[in-house]
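Here is a short briefing to read with the structure open beside you.

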Amino acid sequence: MNGYEIHLDSLRAKRARLGRKIGQGGIGLLWIVGMSLAIGGGYLYFYDNGPSRLFYLAEGFAIWSIISALWARYDLLVSKPSKKAPTFDNHLTTDLLSSLKAPITPKSAWQAATKAKEGRFITNRLMLPVEEIGNMLGDQEADMGGVWSLCEKLREGQTDPLINAGTLATALLLTSESVKANMNRINLQPEDVEEVHGWLNRLLDYFARPKPYFGGVGRDWAMGFTPNLEHFGQNLSSNIQAGRGHFHFLANLGVVDSLAHNLSQGASSVAIVGPTGVGKTELVNALAERLLSGQEKGLEHYQVHSLNASLILSHEQGSKEKLLLTLFSEAIQAGNIILFLDEAQLFFGNGLGAIDLSQVLLPVLQSRRLKLIAAFTPNDFQRLKVANEALANSMAVININEPSAEDTRKVVEDAALTLEARTGLLITYEAIREAYRLSAQYLSDQAFPGKAINLLDQAVPYATNKVLTDDSVQMAIEKTMGVKPGKANAQEADVLLNLENKIHERMINQTQAVNAVAAALRRVRAGVTNPNRPAGSFLFLGPTGVGKTELARSLANAYFGDSTRMIRLDMSEYQRPDDVARLLEDGGDSAQSLIMSIRKQPFSVVLLDEIEKAHPNILNLMLQLLDEGQLTDAGGRAASFKSAIIITTSNAGSADIIARITAGESMSSFERPLIDKLIQSGQFRPELINRFDDVVLFRPLNQAELTQVAKLMIGEVNKNLSHQNITVSLTDEALNKIAAAGYDPQFGARPMRHLIQRTVEDVIATKILRGEASPGSTIVLDVNDMHLPNKEG
Amino acid sequence: MILEFWTWWYGVGWSEVATRVSARVAGVWQLFSVGILFRTLFYPWKRIVSPPAKSFDAIMRGMLDNAVSRFVGLWVRVFAIIAAVFITALTAIFGVLLIILWPVLPALGLFLLVKVVLP
């Protein structure tokens with residue numbers, strides 16, 4: 001413990017403990033008593049027409065009460081370290097020093113640290129069981145050497161040089177092997193604890209900063225009135241002055257420097273270009289704060305007004321231009337206004353309900369009298385460049401990139417505190433980590449940090465007991481996107497583990513294909529897939545009517561309980577080059593747009609039928625889809641397929657399959673040669689085939705399997721009749737006959753459904769209408785009851 | 001501990017009260033933005049000015065309007081500056097009194113308590 005002596009009997013320690021005993025409550029009480037006695041004494045003075053003994057007593061105690069309050073507040077509670085004393089207790093905050101008790105062991109230090117608010121910040125964010133961890137820590141004084149040593153290292157990143165309770169709690173967690181092992185079991189790593197410690201320090205730094213000076217009462221008296229701007233916009237600077245400012249930590253702070261530099265050094269308008277969610281609005285808020293506090297020469301106390309696009313666009317048609325001119329003129333006249341057009345594309349004719357005001361804006365910008373910031377996404381700015389190059393060129397461009405993962409986490413952590421203040425919830429570190437992970441995986445059409453913050457916001461309704469956890473975030477993404485990111489519950493796990501059996505309830509044979517897709521779905525739910533590719537991708541090869549489509553439908557039905565949870569596109573409808581655009585449509589509600597469908601249902605089975613018939617450009621898109629797990633729409637927004645199982649089907653090579661199976665060959669013996677043949681014949685490109693997780697061959701069904709298919713279909717008929725409590729049963733001979741008649745060498749078992757409709761269902765319908773079938777009865781049909789085609793007769 | 005109190009009261013405590021008083025006085029002065037008021041003393045009130053005109057009458061009327069606006073601005077600012085000086089001075093006087101009284105307060109408290117028992 002060399003160099004780490006803590007003297008709990010030092011004067012500073014004693015003062016700290018006395019201050020703790022008095023506390024903020026005691027100080028308040030001393031003030032109230034002091035002031036009451038002073039006023040009461042004054043009253044006695046006038047009542048007695050002069051000083052009485054009671055007056056002296058009251059005033060004497062009043063003065064000493066106030067003196068005691070001052071001493072406690074400004075000395076005992078702060079109790080600054082002595083520069084002369086070299087002992088280690090001088091490196092601790094007063095609050096921590098006052099809580100420590102001899103002997104100082106890891107266990108007693110943990111109790112002291114978790115009593116203070118900084119220590120509780122660490123344990124609450126990490127959802128740690130305080131008492132349980134206390135029991136795991138050692139009770140040897142000698143063990144504290146390593147703890148204090150780590151505390152010294154941790155404080156290197158702090159602005160405040162003193163070690164606080166949060167730093168001590170962090171060091172205790174990181175130096176105990178048993179605690180680390182226990183945290184590992186709840187998926188917490190040492191880096192996570194350090195991350196929360198950094199979060200605490202940024203918060204303490206923020207509170208320690210002096211309040212900025214925004215100019216005083218006469219600041220705006222030499223500037224013009226802005227009644228219309230107040231009505232059609234929002235004064236971001238006023239919000240900041242009222243304490244509703246931006247987050248404490250901002251990524252891309254250099255952009256604020258560039259913005260301020262551009263606006264103060266000549267450029268009258270600036271376009272900030274970055275993807276949705278990257279933090280453009282927050283950076284403008286940060287600029288507003290900097291200008292308001294008078295830090296920027298040439299723009300001292302300028303105010304930023306954000307124009308409300310929806311209010312302006314809802315203005316009477318034809319008068320919008322006039323209104324905008326009035327607003328611009330007001331901003332110029334006021335002399336201290338910077339206008340901010342958030343989602344500026346709405347003012348330049350792009351987007352739903354947008355208007356084109358570029359002709360109004362261009363002369364104003366070219367006159368350089370109006371200071372303006374316009375926020376664009378890269379695609380919107382590109383469109384503006386194409387549509388009106390002069391307007392785009394009149395603005396200085398600042399590009400904003402997505403922040404690093406480290407910066408993103410910091411922004412989200414600080415945003416979580418703002419969310420906490422708004423909602424009264426406690427947001428745990430796990431919730432933030434999960435929001436980051438899930439938004440990276442599923443919200444590919446937005447940028448960080450905005451998408452993680454939005455996800456946290458959406459998770460608020462799912463908080464339990466006023467705490468927002470990773471479960472709340474998982475629930476939010478499940479409800480909003482239909483994906484299942486959380487752990488499978490017992491019932492779901494049972495379905496997953498028996499998925500093959502569930503699928504075979506609707507599907508006969510094709511075991512290899514069933515096993516492959518079931519395993520893919522299990523991998524998705526267990527979270528062991530490559531997060532940057534689709535959950536599973538398969539090419540099903542085989543003749544028509546052998547169950548390729550049925551397998552996709554069965555999979556959707558078995559797992560989602562609904563066969564409509566399948567996105568099915570017939571690729572024979574996408575044979576022309578311009579069909580690519582139809583597939584990637586980003587607006588409206590087109591059923592033929594793959595992008596729109598996957599955005600609605602990211603966690604689904606995507607069935608692309610007859611893939612070989614699609615245009616080569618679409619096959620190129622498939623390469624991107626299978627490689628990156630995403631497609632980009634016409635507007636440049638990505639749509640994620642990372643939670644989807646992609647199934648493509650093709651009849652290519654089916655003649656070969658039939659011939660070889662008929663010749664008695666096993667599927668495994670000709671699988672590879674068949675695929676090679678398809679590549680050599682140019683029907684599939686090798687790069688496409690190689691990108692699938694598996695290429696599965698479907699073989700034609702034999703007679704026995706066709707009879708089972710017939711049985712399944714009769715089962716469906718019975719399901720439809722169940723509400724009438726009528727059952728239909730076929731004799732074995734009838735079933736065999738239907739199986740034989742329902743098979744076509746070209747279409748496989750596909751005609752069977754139609755055959756059952758014509759034979760079985762029609763006969764039952766007639767019997768019901770004739771009153772020959774009553775509730776509770778079973779209709780047994782033989783070959784003679786059905787009018788089967790002559791082929792089988 | 002008692003020695004600690006006296007050391008603080010006549011050492012760090014006294015200097016801290018002086019620091020706080022000066023910060024409070026500066027805060028009040030800043031609250032009235034006196035620097036900005038002096039800099040913009042003759043500026044028109046809220047930029048209410050007539051637009052440039054061509055005819056002699058309009059120019060003369062504009063000059064009169066602008067002069068009125070500047071006069072209003074001047075008066076409001078002068079009043080604000082006077083208010084700032086008055087309130088800052090009051091704050092400073094109370095602050096200086098507190099600094100002067102600070103070393104006497106403990107003795108005054110003791111004296112009053114002694115007066116309870118002594119005639």
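Leaving aside its neighbours within four places in sequence, A112(A) is in contact with S99(A) and L100(A). This residue sits in helix α4 of chain A, which covers residues 106–115, and A112(A) counts as buried because its relative accessibility is 3%. Please keep in mind that this is a predicted model.

**Around A112(A)**

- For a sense of distance, take A112(A) and I714(A): their C-alpha atoms are 73 Å apart in space, and 602 residues separate them in sequence.
- A cis peptide bond, with omega of about -10°, joins A102(A) and P103(A).
- P103(A) belongs to the loop between α3 (94–99) and α4 of chain A.

**Two helices of chain A**

- Helix α5 of chain A (residues 117–126) is largely enclosed by the rest of the structure, because seven of its ten residues are buried.
- The buried residues in α5(A) are E118(A), G119(A), F121(A), I122(A), T123(A), R125(A) and L126(A).
- Helix α10 of chain A (residues 190–208) has 19 residues, and its first and last C-alpha atoms are 27 Å apart, close to the 27 Å expected at 1.5 Å a residue.
- The buried residues of α10(A) are D192(A), V193(A), E195(A), V196(A), H197(A), W199(A), L200(A), N201(A), R202(A) and L203(A).

- Chain A and chain B bury about 3,200 Å² between them, and carbon and sulfur atoms account for 71% of it.
- Y56(A), W64(A) and W221(A) supply 22% of the area that chain A buries against chain B, more than any other three residues.
- The contact draws on 35 residues from chain A and 35 residues from chain B.
- How many salt bridges are there between chain A and chain B? The count is one.
- R15(A) and E4(B) meet through their side chains in a salt bridge, at 2.3 Å from N to O.

**A nonpolar patch on chain B**

- F86(B), I87(B), L90(B), I93(B), F94(B) and L97(B) form a nonpolar patch on the surface, and together they have about 610 Å² of accessible area.
- L90(B), one of the patch residues, lies in helix α4 of chain B, residues 56–101.
- L90(B) counts as partly exposed because its relative accessibility is 40%.

**Salt bridges**

- Over all chains, the structure holds 38 salt bridges.
- R553(A) and E550(A) pair through their side chains at 3.1 Å, N to O.
- Why are R553(A) and E550(A) separated by about one helical turn? They are three residues apart in helix α27 of chain A (residues 548–560), so about one turn lies between them.
- An α-helix has 3.6 residues a turn, so residues three or four places apart point the same way.
- R553(A) counts as partly exposed at 26% relative accessibility, whereas E550(A) counts as buried at 17%.
- D627(A) forms a salt bridge with R691(A), with 3.2 Å between the closest N and O atoms.
- D627(A) lies in helix α30 (residues 616–628) of chain A and R691(A) in the loop between α33 (686–689) and β15 (694–697), so the pair ties together parts that are 64 residues apart in sequence.
- D627(A) is partly exposed, with a relative accessible area of 39%, and R691(A) is partly exposed too, at 23%.
- E705(A) and R699(A) form a salt bridge whose closest N and O atoms are 2.6 Å apart; both E705(A) and R699(A) are buried.
- R576(A), D578(A), D579(A) and R582(A) are joined into one network by salt bridges that share partners.

**Backbone details worth a look**

- Most residues other than glycine have a negative phi, and most peptide bonds are trans.
- F448(A) and P449(A) are joined by a cis peptide bond, with omega of about 0°.
- P449(A) lies in the loop between α21 (429–442) and α22 (450–459) of chain A.
- R368(A) is not a glycine, yet its phi is positive, near 60°; R368(A) is found in the loop between α17 (358–367) and β5 (371–376) of chain A.
- K466(A), also a residue other than glycine, has a positive phi near 65°.
- K466(A) lies in the loop between α22 and β8 (467–468) of chain A.
- Is K466(A) buried or exposed? K466(A) is exposed, because its relative accessible area is 52%.

Methods
Residues are numbered from 1 along each chain as its sequence is written. Chains are lettered from A and ligands numbered from 1 in the order in which they are written. This is a predicted model: local features need pLDDT of at least 70, side-chain atom pairs count only at pLDDT 80 or more; totals for chains, interfaces and linings use all residues. Side-chain values use heavy atoms; hydrogens and water are left out. Patches are made of residues with over 30% relative accessible area and no salt bridge: like charges are joined within 9 Å, nonpolar side chains (Val, Leu, Ile, Met, Phe, Trp, Tyr) within 5 Å. Accessible areas come from the Shrake-Rupley method with a 1.4 Å probe; for residues, only the protein chains shown count as cover. A salt bridge is a side-chain nitrogen of Lys or Arg within 4 Å of a carboxyl oxygen of Asp or Glu. Helices (H or I, at least four residues) and strands (E, at least two) are DSSP runs, numbered from the N terminus. Buried means under 20% relative accessible area, exposed over 50%, partly exposed in between (1.4 Å probe, protein chains only). The expected span of a helix is 1.5 Å times one less than its number of residues. Contact means heavy atoms within 4.5 Å. Buried area is the accessible area (1.4 Å probe) that two parts lose on being put together, summed over both.
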